Amino acid sequence: MNASDIKKVFVAGGGLMGRQIALEAAIKGYDAWVYDSQPGVNEAVDKWAQDYLKGRIEKGKMTQEAVDATKAKFHIATSLEEGAKDADLVIEAIIEIQEEKEKFFKQLDAIVREDTIITTNSSFMVSSLFVGCVSNPSRLANLHYFNPALVMKLVEIVKGEHTSDETAQTLYDFVKSLDKVPVIIQKEVDGFLVNRISRAISSAALEIVEMGVATPEDVDLALVNGLNHPLGPFRLMDLTGIDLSYHILETRKANGENPPGYELVKAKYEAGEYGRKTKKGWYTYD
């Protein structure tokens with residue numbers, strides 16, 4: 001399959017990332033579908049999309065004609081079957097729990113075509129974990145967007161040993177068609193590219209706070225004003241979700257590591273303070 005063959009894009013998961021990935025595909029002219037199995041999420045996605053597109057008109061970023069065209073391409077499925085049927089590309093963006101993803105991919109594999117490209121947006125679970133869940137692993141890869149997906153340009157395409165060169169190239173060309181910047185990561189490594197580098201910064205930041213050397217606020221101020229980072233590591237954690245950070249640290253602990261700041265992040269997670277999505281994390285939001 002070539003990128004020009006991709007007509008229908010199905011995004012599984014209507015959370016913060018999934019809804020943005022789907023809407024951007026619709027904006028770029030793809031027949032985009034999104035579905036979430038959790039009660040109330042699909043309705044929330046519909047309202048969010050309507051409000052977002054209305055705001056683009058008000059800000060002069062999109063014309064009424066462009067918004068109407070996007071609405072005609074953006075669909076919320078009533079079931080996994082409706083969303084996945086005849087899809088050329090599937091982007092999984094559900095909860096970051098391996099067992100749930102395994103269950104999803106097995107269900108998906110029974111619906112899609114043999115040549116449908118299947119991807120996971122996971123930032124830390126490699127696609128090789130799910131090779132046994134699909135009938136044709138050569139069309140399986142990571143397609144990792146960055147948050148907020150409607151704004152951030154970079155998308156990481158991560159090849160496993162099972163991923164064909166054709167699949168990687170098709171994904172590369174697809175990302176280019178979105179006016180984004182694709183990079184192909186030639187082998188599966190922990191953290192991929194960007195997160196592997198940013199994790200070193202985050203670990204050092206958590207260690208500094210854990211030691212009582214500085215507050216999260218002062219660490220963020222230092223990196224923004226001293227290294228010209230657009231966001232400090234704690235603001236970034238609030239944006240991407242402290243729950244995600246916790247699951248990543250849990251995986252590292254399960255692998256025998258002792259990551260700095262684990263107890264700090266665990267306390268936030270157990271308190272339900274996930275960052276922006278819960279209005280409270282390292283910072284408090286209105």
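Q: Hi! Is K47 buried or exposed?
A: K47 is exposed in this predicted model, and its relative accessible area comes to 54%.

Q: And which residue does the K47 side chain meet in a salt bridge?
A: That would be D51, with 2.8 Å from N to O.

Q: How far apart are K47 and D51 in helix α2?
A: They are 4 residues apart in α2, which covers residues 41-58, so about one helical turn separates them.

Q: What about the accessibility of D51?
A: D51 is partly exposed, at a relative accessible area of 41%. The cut-off for exposed is over 50%, so D51 stays in the middle class while K47 passes that mark.

Q: How many salt bridges does the structure hold?
A: There are 14 salt bridges in the structure. One of them joins the side chains of D88 and R113, at 2.9 Å from N to O.

Q: Where do D88 and R113 sit?
A: This pair links distant parts of the chain, 25 residues apart. D88 is in the loop between α4 (80-84) and β4, and R113 is in the loop between α5 (98-109) and β5 (117-120).

Q: Is D88 buried or exposed?
A: D88 counts as buried, because its relative accessibility is 8% and the limit for buried is under 20%.

Q: Which residues are joined with D88 into one network?
A: R113 and D115 are, through salt bridges that share partners.

Q: What do E92 and K101 do?
A: Their side chains meet in a salt bridge, 2.4 Å from N to O. Both E92 and K101 are buried.

Q: Switching to strands: how many residues of β1 are buried?
A: 5 of the 5, covering residues 8-12, so β1 is largely enclosed by the rest of the structure.

Q: Which β1 residues are on each side?
A: K8, F10 and A12 are on one side, with V9 and V11 on the other, and both faces are covered.

Q: Why do the side chains alternate like that?
A: That is the pattern of a regular strand, where side chains alternate between the two faces of the sheet.

Q: Which strands does β1 pair with?
A: One partner is β2 (residues 31-35), which runs parallel to β1 and is joined to it by 5 bridges. Another is β4 (residues 89-92), also in the parallel sense, over 4 bridges.

Q: Which residues stand opposite V11 and V9?
A: V11 stands opposite V34 in β2, and V9 stands opposite L89 in β4.

Q: What do β1, helix α1 and β2 make?
A: They make a right-handed β-α-β unit, with α1 at residues 16-27.

Q: Now the surface. Which residues form the nonpolar patch with I208?
A: M211 and V213 do, and the three together have about 290 Å² of accessible area. I208 lies in helix α7 (residues 194-210) and is partly exposed, with a relative accessible area of 32%.

Q: Last topic, the whole protein. How many helices and strands are there?
A: The protein has 11 helices and 8 strands. Of its 286 residues, 46% count as buried.

Q: What does the C-alpha trace span?
A: About 55 × 45 × 35 Å along the principal axes.

Q: And what is the radius of gyration of the protein?
A: It is 19 Å, which agrees with the value near 19 Å for a compact globule with 286 residues.

Methods. Residues are numbered from 1 along each chain as its sequence is written. This is a predicted model: local features need pLDDT of at least 70, side-chain atom pairs count only at pLDDT 80 or more; totals for chains, interfaces and linings use all residues. Side-chain values use heavy atoms; hydrogens and water are left out. Buried means under 20% relative accessible area, exposed over 50%, partly exposed in between (1.4 Å probe, protein chains only). Helices (H or I, at least four residues) and strands (E, at least two) are DSSP runs, numbered from the N terminus. Two strands pair if DSSP finds at least two bridges between them. A crossover is right-handed if, with the strands pointing away from the viewer, the path from the first strand over the helix to the second runs clockwise. Patches are made of residues with over 30% relative accessible area and no salt bridge: like charges are joined within 9 Å, nonpolar side chains (Val, Leu, Ile, Met, Phe, Trp, Tyr) within 5 Å. Accessible areas come from the Shrake-Rupley method with a 1.4 Å probe; for residues, only the protein chains shown count as cover. A salt bridge is a side-chain nitrogen of Lys or Arg within 4 Å of a carboxyl oxygen of Asp or Glu. The radius of gyration is taken over C-alpha atoms; the globule rule is 2.2 Å times the number of residues to the power 0.38.
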